[in-house]
Amino acid sequence: MILYGASGHAKVICSCLESEKVEIEGVFDDNPLIKDLDGYEVFGQYSAEKFINSKLIISIGYNDIRKKISKQVKHAFGISIHTSSICDKTVSIGEGSVLLHRSVVQRGTQLGRHVILNTNSSVDHDCKIEDFVHISPNACICGGVSIGEGTHIGAGAIVIQGISIGRWATIGAGAVIVKNVPDYAVVVGNPGKIIKYNKLSEH
């Protein structure tokens, strides 16, 4: 496996891959000053000519950047599931997605492409998580929830059962979502309230 992005998030994905005993062949990063990531060589800017038979994971936490890079990469995308993660056999997982340490995904849930389930996050039964969603550490998604493309769920947030969250929304850390959230909304607090909207041009 190769990674694109020598970030702090990449270090966690390295740990995830190591738990699976998957070989990490190297890392691409656009910053020429970064030469090493926890002992793994950083090769500079992405090249489709390197490691042509290897799969790649975009190891960047920002959803919009992952989407942009996914359109440029020529490699096939891999998946990583930490050995401490609990993932029901009925769950579908899109390419490029990662299930990090102690994450839980329950029966009947669908995960899109390049989704991040971060440390200790939980997604219950029959949820639909679209492409490029990031569910942060300790967030809890109850059953039957749908989350649109590119949405960020902050650390420790709770989304109650049956809720629909739109595309490219931002749910603040610790927010409790008890009603549907429209596209691009930024929601904070308990109960969650919309405080502004993300700019369309950002995505």
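## Parallel strands

Strand 14 (residues 128-129) and strand 17 (residues 146-147) pair in the parallel sense, over two bridges. Strands here are DSSP runs of E with at least two residues, helices are runs of H or I with at least four, and both are numbered from the N terminus. Two strands count as paired if DSSP finds at least two bridges between them. I129 has I147 of strand 17 as its bridge partner.

This is a predicted model: local features need pLDDT of at least 70, side-chain atom pairs count only at pLDDT 80 or more, and totals for chains, interfaces and linings use all residues. Residues are numbered from 1 along each chain as its sequence is written, and side-chain values use heavy atoms, with hydrogens and water left out.

Five strands make up an open sheet with parallel pairing, in the order 8-11-14-17-20. Strand 8 (92-93) and strand 20 (164-165) are the edges. Each has a single partner strand, so one side of each has no neighbour in the sheet.

## Strand 23 and its partners

Strand 23 (residues 185-188) pairs with strand 21 (residues 170-171) in the parallel sense, through two bridges. Here T170 has V186 as its bridge partner.

Strand 23 also joins strand 24 (residues 193-197), by four bridges, and these two run antiparallel. The bridge partner of A185 is Y197 in strand 24. Strands 23 and 24 form a hairpin with four residues between them. In the turn, G189 has a positive phi of about 95°.

## Helix 2

Helix 2 spans residues 63-70, and its buried residues are N63, R66, K67, I69 and S70. Buried means under 20% relative accessible area, exposed means over 50%, and partly exposed lies in between (1.4 Å probe, protein chains only). The five cover an arc of only 165° around the axis, which puts them on the same side of helix 2. That arc is taken over the directions from the helix axis to the C-beta atoms.

What covers these residues? Strand 1 (2-4), strand 5, strand 12 (116-117), strand 15 (134-135) and strand 18 (152-153) are among the covering elements.

## Aromatic cluster

The structure has five aromatic pairs. Rings of Phe, Tyr and Trp (its six-membered ring) pair if their centres lie within 6.5 Å; planes under 30 degrees apart are stacked, over 60 edge-to-face, and the rest tilted. F28 lies in strand 2 (residues 26-28) and Y46 in the loop between strand 4 (40-41) and strand 5 (56-58), so the pair ties together parts 18 residues apart in sequence.

Both residues are buried: F28 has 1% relative accessibility, and Y46 has 18%. Ring pairs link Y4, F28, F43, Y46 and F51 into a cluster.

## H82 and the cysteines

H82 sits in the loop between strand 6 (80-81) and strand 7 (86-87). H82 is buried, at 11% relative accessibility. Its side chain makes a 3.4 Å polar contact with that of H101. A polar contact is a pair of N or O atoms within 3.5 Å; within protein, one must be able to donate a hydrogen and the other to accept it, and residues adjacent in sequence count only if both atoms are side-chain atoms. Leaving out residues up to four places away in sequence, H82 touches S15, C16, S19, L99, L100 and H101. Contact means heavy atoms within 4.5 Å.

The whole structure holds zero disulfides, defined as pairs of cysteine sulfur atoms within 2.5 Å. For C140, the nearest cysteine sulfur is that of C142, 4.3 Å away. C140 is partly exposed, at 28% relative accessibility.
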